[in-house]
Amino acid sequence: MPKKGGKHAEMGKEMHTQCKRAKVEAACSPSVMNFENPDRLFGSLISPIKQEVFFREYWEQKPLLIQRNDPLVAAYYQSLFQVSDLKELCSQGLYYGRDINVCRCMNGKKKVLNKEGKVNYMQLKKDFDQKKATIQFHQPQRFKEELWKIQEKLECYFGSLVGSNVYITPQGSQGLPPHYDDVEVFILQLEGEKHWRLYKPTVHLAREYNVESEDRIGNPTHEFILKPGDLLYFPRGTIHQADTPLGISCSTHVTISTYQNNSWGDFLLDAIPGLVFDTAKEDVALRTSIPRQLLMQVDVADSTKKLSSLLRRLADRLENTRELRSSDMKKDFIMNRLPPYLGCDSDPLTPGGKLPKIDSTIRLQFRDHAIITVEPDQENSVSTMKPPSSARGGSTGRGMRETHMMGTEDDTTCEEVTSQQTHGLRFPLSYLDALKQLWSSSTVYVKDLNLLSDEEKENLALSLWTECLIEVL
């Protein structure tokens, strides 16, 4: 986004030519990603590193740098997002803060240069050229289908939400000061080059974002240049900073991040209340009263022995029953994940084809998006199978995609959507075995479903067919 006139104009023409050429090349290039299933997709993302090696030696442990001198990979990466995309995207109604941040690192501190309201492309271009500002584009998968395809498969692979941000930094500039994040990060270099420095964590597997001062982080443990087609991974807590070298018109990279608030500690905070509630129904020790005035005491040391004993009883129950169910974490994932990518030519998903009968063979669709869970109900426990959001709202899943990882401005609407999306289809608990059977098998005869009557078997199949969750073969 060069300024008109003089040296900037020449640089702008050169950048535009390069971007245009890259876009044409990318459009003609086959995808270097394998979208056959989530496992294949992740394998192709970190190729040539094997998945077992990655999780044994790098995941949550240390950075991984994959430098690829492969024109096909470079061209494909450039197709994910380019500087030349910004003008068109700005015309769609982007806003500062929500969609785009403009910032620059000056004297070790982040200076935000956002304007108010809607983003004006010419103003954005001016800040980029004249103020050497970095443009941070939030959650580009909302607009770029190839990123949607990648992140949807990664969410299936990790069982965790996957977000992304694009960073565009002009030459001789740095957008952010040294800092660490609370997410696992994969960096894909799309255009230009970026000079990276990584440092030893001060907080391993950090749970929050934090800026670190230069005098605290010491010397870099890693220093390198990322070029188009290269990939960098580092664990949460890894301190990092990056700048675009002089002589490089600009750098564009996308960060794909996951595993925020997805630790064992988070899972225990989520699941233990349910375990305590269920155990208290059967174990009178958890129903006995706490000592008088316990809540008024400053020192509760005398009660820690009793609490330790109760925790051991909970541990014994857990070991014997092996029931530790997530509640809010699972609901958050179901509600906020990306819908399946079905392609832009797909018709909205509506029931079609043969009706399921007792002698039909059926199979589950969207297996990676179907979740079976057991929740307490006012009268009884129920089994819930969650259909993919796109199956309920058209093939593009546009509503969910547009708000993916963006939060919500309307809490009331959020609560209503949460209730609708996390309940999905509700069945009596007696249907649970049949649902598990369907989920774990490639195909099933309706007559072989684990239910007592043929009527129940047909009703279950019809309910799932109506929501486009099964296919009749």
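Gln-139 sits in the loop that runs between β4 and α7 (145-158); helices (H or I, at least four residues) and strands (E, at least two) are DSSP runs, numbered from the N terminus. The model is predicted, so local features need pLDDT of at least 70 and side-chain atom pairs pLDDT 80 or more, while totals for chains, interfaces and linings use all residues. Residues are numbered from 1 along each chain as its sequence is written, and side-chain values use heavy atoms, without hydrogens and water.

Most residues other than glycine have a negative phi, and most peptide bonds are trans.

| Residue | Phi | Relative accessibility |
|---|---|---|
| Gln-139 | about 50° | 9%, buried |
| Glu-60 | about 60° | 31%, partly exposed |

Buried means under 20% relative accessible area, exposed over 50%, and partly exposed in between (1.4 Å probe, protein chains only). Glu-60 belongs to the loop between α3 and β1 (64-66). The peptide bond from Ser-47 to Pro-48 is cis, with omega near 10°, and Pro-48 is in the loop between α2 (38-45) and α3 (51-57).

The largest pocket is lined by 49 residues, and Asp-182, Val-183, Ser-257, Thr-258 and Gln-260 lie nearest its centre. A pocket is an open set of points on a 1 Å grid over the protein atoms alone, where a 1.4 Å probe fits, with protein on both sides within 12 Å along at least five of seven lines; lining residues have an atom within 4 Å of a point. β5 gives the most to this lining, with 5 residues.
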